[in-house]
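User: I would like to go through this structure with you, a few local features at a time. Could we begin once it is on screen?

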Amino acid sequence: MTLPGARAGAWAAAAKVAQRRRRAEGAGRSQSPVTASQRAALYVHWPYCEKRCSYCNFNKYIPRGMEEAAMRSCLVTEAQTLLRLSGVHRVESVFFGGGTPSLASPHTVAAVLEAVAQATHLPADSEVTLEANPTSAPASRLAAFGAAGVNRLSIGLQSLDDTELQLLGRTHSASDALRTLAEARGLFPGRVSVDLMLGLPAQQVQQGALPAPDPELAAEMYQEGRAVLREAGFRQYEVSNFARNGALSTHNWTYWQCGQYIGVGPGAHGRFIPQGAGGLAREARIQTLEPDSWMKEVMLFGHGTRKHSPLGNLELLEEVLAMGLRTDVGITHQHWQQFEPQLTLWDVFGASEEVDALLQQGLLLLDRRGLRCSWEGLAVLDSLLLTLLPRLQEAWRQKTPSPVPG
C-alpha cells in the first residue's frame, strides 16, 4: 500500500499521468460513430479491503505484504491485452470497483486510465467512477482521485444508523458517512451516488421493529423507499437504482442494455466479442479470483482469464430480457431487433395467455414502444420472469426445431 510520506508525490504523479491522457485523447482520435460491437464499458476490480464486512460476498482480500506497484502493472497489462483482444474502438465508461478501490493510490487509477486511452478511444467526458468508503476517502484523497481522472463517486454508506453499521462490520460511523458525502458533493457536484441497504435486522418500517425483517416486511420497506424517492424527484431507472436530474450511472446502464463490457482484475467478469482474435460470438469471461495467482498469470500470459465460453443466441436473448426489464425503459422493439432480427417481441409474447394475464393485471406493458414493467411490475420482476423466460424459450424452440433423425 502507499505509505503516508509518499502520498504527495504519488498524487502529483497521478495528475501528470491524467494530463498526458487528456492531451493524447484530444490529439486526433477519430470521432466517427462506432457500432455496438466496437464500443464497450470497462470494469476494473481492486480486490483489497481494510476488513471483511459481515454481509459482503464479493471477491475481496485483506492485503498482507501486497506491492501496489506490482498490482498496478498487472492491471495496466491486462487492460491493454483485453482491449486488444476485444478490438473495441471506444470505451464509453470506466468503473473502479471492489473490494475498496479508494484504498488504491490515485497514481494507480491514473495509470490504468492512461493505458486505456493509449489502447483505444477514451473520450475526455467518459464517465469514470470510483467506489469509495468513508474511512478511506478524506477530502484531500478524493480531490487527488479527481485529478487522476475520476469524475464520479459511488460511496458505500450502507446505513446512517450507527447500530446497523456496527452490525454490518463497517469501519465508519454515520457522522463519517455524512461528512464524506458532503465533501464528495463539493468535489463532484451532481455526480455522486450512495449505496443504502434495506431488510437489515432491526430495521423499521413506520412503527415498531423486528429482529429480522421477513420478506413481506422487506417488500414494504422497498415500496415505502421508492415512494419517498419518487416524491423527492428521483427517477427509478432500474429495480434498485434511483437518480435525480438525469444523473444515472451510464456504466451500469451498459450492463442493463446488454452492451459489451470488459472486466479487468482478479475475479472480474466480462461480456464481449474477441474480435482481435477473429471471434464472431460474444463470450462470457471471468478472471482468476485469487490476486497472487491472477498476477502470476498476467505476468506470464498478459491476462488472467480463467474461463471464457461463447454465449449462444438464446442465452444472449435471455440476458437481454432479464436485464432490460430491470429498467424503467424496458426493451424497445428497436433494441430487441439488434439481438434478434427475426422473432419480434410480438411474436414471442403477443399470443401467450400467461403473458396476457400479466398485461391484464397491469404488471407488464406490451405496445408500440416495446415490452416493459409497470411501476407495480418492477417490484415483482423476478416473479414475472418465471413466466416470460419459459415463453421465450418455447418461441425459440419453435423457430429452430430439432433436426429429425434420419
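**Loops and backbone**

Analyst: L160 is found in the loop between strand 4 (152-158) and helix 5 (162-168); helices (H or I, at least four residues) and strands (E, at least two) are DSSP runs, numbered from the N terminus. This is a predicted model, in which local features need pLDDT of at least 70, side-chain atom pairs count only at pLDDT 80 or more, and totals for chains, interfaces and linings use all residues. Residues are numbered from 1 along each chain as its sequence is written, and side-chain values use heavy atoms, with hydrogens and water left out.

User: Is L160 buried, partly exposed or exposed?

Analyst: L160 counts as partly exposed, at 46% relative accessibility. Buried means under 20% relative accessible area, exposed over 50%, and partly exposed in between (1.4 Å probe, protein chains only).

User: Changing topic, what is the phi of N245?

Analyst: Phi of N245 is near 60°, a positive value in a residue other than glycine. N245 lies in the loop between strand 7 (241-243) and helix 8 (250-256), and N245 is exposed, with a relative accessible area of 76%.

User: And C258, buried or exposed?

Analyst: C258 is buried, at 3% relative accessible area. The residue sits in the loop between helix 8 and strand 8 (261-264), and phi of C258 is near 55°, again positive in a residue other than glycine. Most residues other than glycine have a negative phi, and most peptide bonds are trans.

User: Which peptide bond is cis?

Analyst: The bond from G98 to G99 is cis, with omega near 20°. G99 lies in the loop between strand 2 (90-98) and helix 3 (106-119).
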